[in-house]
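Here are a few friendly notes to read with the model open beside you. They follow the helices and their packing, point by point.

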Amino acid sequence: EYLKQDNDRVVLVAEEGDIPYLIHLLDSGLPIIREKAVDAVSILAQSDFCRQSLTIENAHAPLIRLLETGTPVAKEKAAEALRGITYSRESAYAVAALGGIASLVDICKKGTPAAQAMAAGTLRNLATNEEIRRRLAEENAIPILINLVTSGTLLAQEFAAEALQNLAAGDERFKLVIARQGGLQCLMRYLNRVASSKGQEAAIKALRNLADSAVNAKALVSAGYLSQLAIILNTGTSTVQELAATAICHLSCSLDVRKALGEAGCIPPLTRMLEAKNSTQQETAAQALSSLLLHNSNRKEFYKEEKGISHLVQMLDPRNQNISKSFPISALLALSASNNCRKRILSAGARQHLEKLAEMDVAGAKKTLDKIGGNRLRNIFHRYIS
C-alpha cells in the first residue's frame with residue numbers, strides 16, 4: 001500500500017529498501033506473504049529506475065515459479081512484474097532461458113482474465129527479440145495469442161495484437177504461420193470493433209507486418225482490408241490515419257491493388273493529409289499517393305481534389321528542409337502523365353522549385369521538370385528574348 005501511493009516512494013524503496021530480501025519472500029512458504037511480496041515487486045517493476053535492480057537480483061526465477069505454483073492473485077502479479085522487467089533485452093533472454101515462455105503461454109490459455117492480459121504483455125515484450133520468436137512459436141504461443149485477440153479483455157486483446165505484430169516483424173515463416181492460424185481475419189475483425197486508438201494502432205501495425213508477405217497481402221486485399229483502410233483514413237485519429245497510409249504504401253505494389261485502393265475511396269483523405277501540420281504525416285501521404293497515382297483512374301480522382309497538386313508543389317520548396325522531396329517529386333512525376341495535371345503543376349509554381357532542386361542534384365527533380373515541360377518553356381522564353 002505504501003508503494004501504491006506515490007512513485008517517489010517506489011524510487012525510495014529501490015534506493016534504500018532491501019530488494020534482495022523482498023525477492024527472497026517470493027519463495028515464502030506462506031501464500032499470503034508471497035502475494036504481498038509479488039504485489040510489491042509488480043509495482044517496482046513498472047519503474048524504469050527499479051527494473052535494473054530486479055534484473056540484477058535475478059527476480060525472474062521466483063516470478064516464474066509463482067506463475068506455475070502461486071495463487072491466482074500471485075500469478076497475476078507475477079505476470080505483471082515480468083511484463084515490467086522484460087522491456088530490457090537482458091531480462092527477456094533470462095525469462096526465456098528459465099523456461100518462462102511455457103508458463104506464460106499457459107497463463108494466456110487458462111489464467112484469470114487479468115493474468116492473461118499481463119502474460120500477453122510479457123509475450124509481446126519477448127517477441128521483440130528475434131532469437132526468442134522461434135521459442136514462442138515452438139511453445140504454441142501463436143494460436144493462443146490469436147484466441148486472446150478474439151476473446152480476451154480489452155487490455156489482453158491489445159497486448160496480444162501487439163505480440164502478433166512483433167512476431168510478424170521478422171521471418172517470413174512467422175507471417176505465414178500467423179495467417180494459416182487465422183490471424184489475418186482475427187486482426188481485421190479486431191480492427192473493426194476496437195474503439196481505442198491504441199488498439200487500432202496495434203491491429204494496423206500487425207496487419208502491415210503480415211502484409212510484407214505477398215501471399216498475405218493478396219489474402220488481405222481479397223478479404224476487404226482496403227475498404228477498412230479507407231474508413232480509417234476518414235475517421236481515425238491523426239496517428240491512426242498515418243499508420244493506415246503506411247499500410248497502403250506496403251500494399252500498393254501492383255496496378256490492380258492501386259486501382260482498388262482508389263475505388264475504395266483512399267485518394268480524398270490522403271490528399272487532405274497533405275495539409276497536416278506534422279511533416280511526417282505529409283511525407284507518408286505523399287508516399288502513398290506517389291504509388292496510387294501511377295494508375296490513370298487515381299490520377300483523374302486526384303485531379304478533382306482542388307488543392308492536391310498545390311500542396312504537393314508546396315512540399316517541394318527547398319526552404320522547407322523538414323520534408324523529404326523524394327515522395328512529392330515521385331507523385332508529381334506520376335501526375336505528369338496527364339496533360340491537365342501538367343498544366344496545373346506548372347501554374348502552381350513547381351518549375352522554380354524543381355529547377356532549384358535539380359541544381360542541388362535532388363533525385364528525380366530534373367526528370368520531373370523535363371516531363372512537365374518546365375525546361376522546354378524556359379528555353380523557348382530564352383530564345384524569344386535573345
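1. A definition to begin with: the expected span of a helix is 1.5 Å times one less than its number of residues. Helices here are DSSP runs (H or I, at least four residues), numbered from the N terminus. On that basis, the 14 residues of helix α16 (residues 197-210) should span 20 Å, and the C-alpha atoms at its ends are 20 Å apart, which agrees.

2. Two words on the source. This is a predicted model, in which local features need pLDDT of at least 70 and side-chain atom pairs count only at pLDDT 80 or more, while totals for chains, interfaces and linings use all residues. Residues are numbered from 1 along each chain as its sequence is written, and side-chain values use heavy atoms, with hydrogens and water left out.

3. How much of α16 is covered? Mostly covered is the answer, as 11 of its 14 residues are buried (under 20% relative accessible area, with exposed meaning over 50% and partly exposed in between, for a 1.4 Å probe and protein chains only). Among the buried residues of α16 are Gln200, Glu201 and Arg208. The buried residues of α16 pack against α13 (154-167), α14 (172-180), α15 (183-193), α17 (214-222), α18 and α19.

4. Of its 14 residues, 12 are buried, so α13 is largely enclosed by the rest of the structure. Phe159, Glu158 and Glu162 are among those buried residues.

5. Now to the pairs. The axes of α16 and α19 come within 10 Å and cross at roughly 10° (axes are lines fitted to C-alpha atoms, for helices over the stretch in contact, and angles run from 0 to 180 degrees between N-to-C directions). These two helices are therefore roughly parallel to each other (angles under 35 degrees count as roughly parallel, over 145 as roughly antiparallel, 65 to 115 as roughly perpendicular and the rest as oblique). Ser197, Gln200, Glu201, Ile204, Lys205 and Arg208 in α16 meet Thr239, Val240, Leu243, Ala244, Thr246, Ala247 and His250 in α19, where contact means heavy atoms within 4.5 Å. This contact divides into five nonpolar, five polar and three charged residues (Ala, Val, Leu, Ile, Met, Phe, Trp, Tyr, Cys and Pro count as nonpolar, Asp, Glu, Lys and Arg as charged, and the others, Gly among them, as polar).

6. Helix α18 (residues 225-235) packs on α19 (residues 238-251) at an angle of about 150°, with the axes 8 Å apart. The pair is therefore roughly antiparallel. Contacting residues include Leu226, Leu229 and Leu233 of α18 and Ala244, Ile248 and Leu251 of α19. By class, the contact of α18 with α19 has 11 nonpolar, three polar and no charged residues.

7. On α19 there is also a contact with helix α22 (residues 279-292), at about 30° and with axes 9 Å apart. These helices are therefore roughly parallel. The classes in the contact of α19 with α22 are five nonpolar, seven polar and one charged.

8. Lastly, is arginine 180 buried or exposed? Arginine 180, found in helix α14, is exposed, with a relative accessible area of 65%. Its C-alpha atom is separated by 44 Å from that of lysine 367, 187 residues apart along the chain.
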